[in-house]
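Me: Hi! Could you walk me through this structure?
Reply: Happy to. Let's look at it together.

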Amino acid sequence: MTNLDLAQEARLAFSPLTPDDLESVFGVYSDPDTWQHLPVGRHNTREQSRRIVDDAIKSRREHDIGQWAVRVGDQGSDDSLRAGTFIGTGGVNMTPALVWNLGYRLSPTTWGRGFATEIALAAVAAVRAKSDSVAITARVLSNNPASAQVAVRAGLRKVWAGPTMAAAAAGITGEIFSDRDLGGDALRWLIENV
Ligand SMILES: CC(C)(COP(=O)(O)OP(=O)(O)OC[C@H]1O[C@@H](n2cnc3c(N)ncnc32)[C@H](O)[C@@H]1OP(=O)(O)O)[C@@H](O)C(=O)NCCC(=O)NCCS
């Protein structure tokens, strides 16, 4: 089977985020339904979404891999979801702590189909194809069990839970997931940014 065959069979298509994706990113990130677990996170301006694109480009430029634009592939389409539709962002960016941050943010109309799990597994595979020397981490709020479940399905485990820096509702805590034990500096940075 060739790479082309594999691509044609994929449920999702991944491509590096570029400035051309800005309007699509803003569409997903400005949707209040995307932010049910953290309403204040909703993007009100395109500048906020531009940062998502810029961070992915920077990570890719400096560390070879950055978060992807995710679209529906031929095998992922159905009557309600056409092939080629932009559904969100996902994958890994390098953090200032020099550990990978695994993330995914998808249009709510696409949730529950295993897409985020597919993205997470592809991102882990992309990292490991490059090198297995850098930890893959994820940060999740305790009111977002779907996100935590995706991290676990990708082979990460919860290594820390505690107060979150996010402007989350009372009682919500932060959780850090990692594919391995973390050194003090990296864990400290993640705790300060969870
Ligand atoms: C989190 C998110 C990416 C998940 O996307 P998705 O494509 O629906 O995820 P998947 O279908 O691959 O997997 C979701 C998993 O969570 C599980 N799940 C869903 N809701 C759950 C809940 N309330 N409690 C426990 N598990 C739950 C699903 O059963 C599934 O696990 P399974 O495959 O073992 O059955 C999506 O909801 C999203 O984009 N949310 C908004 C942005 C966001 O929260 N991003 C993460 C920030 S850390």
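Me: What kind of unit do β4, helix α4 and β5 make?
Reply: They make a right-handed β-α-β unit. Right-handed means that, with the strands pointing away from the viewer, the path from the first strand over the helix to the second runs clockwise. Helix α4 covers residues 115-130. Helices (H or I, at least four residues) and strands (E, at least two) are DSSP runs, numbered from the N terminus.

Me: And is this model predicted or what?
Reply: Predicted: local features need pLDDT of at least 70, side-chain atom pairs count only at pLDDT 80 or more, and totals for chains, interfaces and linings use all residues. Residues are numbered from 1 along each chain as its sequence is written, and side-chain values use heavy atoms, leaving out hydrogens and water.

Me: How do β4 and β5 run, parallel or antiparallel?
Reply: Parallel, joined by two bridges; strands pair if DSSP finds at least two bridges between them. Trp-100 stands opposite Ile-136 in β5.

Me: And β3 with β4? In which sense do they pair?
Reply: Antiparallel, over seven bridges. There, Gly-88 stands opposite Leu-106 in β4. The hairpin has five residues between the strands, and Leu-98 takes a positive phi near 60° in it.

Me: New topic: where is Arg-60?
Reply: Arg-60 is in helix α3, residues 46-63. At 39% relative accessibility, Arg-60 counts as partly exposed.

Me: What is Arg-60 in contact with, leaving aside neighbours within four places in sequence?
Reply: Pro-16, Ile-65 and Gly-66, where contact means heavy atoms within 4.5 Å.

Conventions. Buried means under 20% relative accessible area, exposed over 50%, partly exposed in between (1.4 Å probe, protein chains only).
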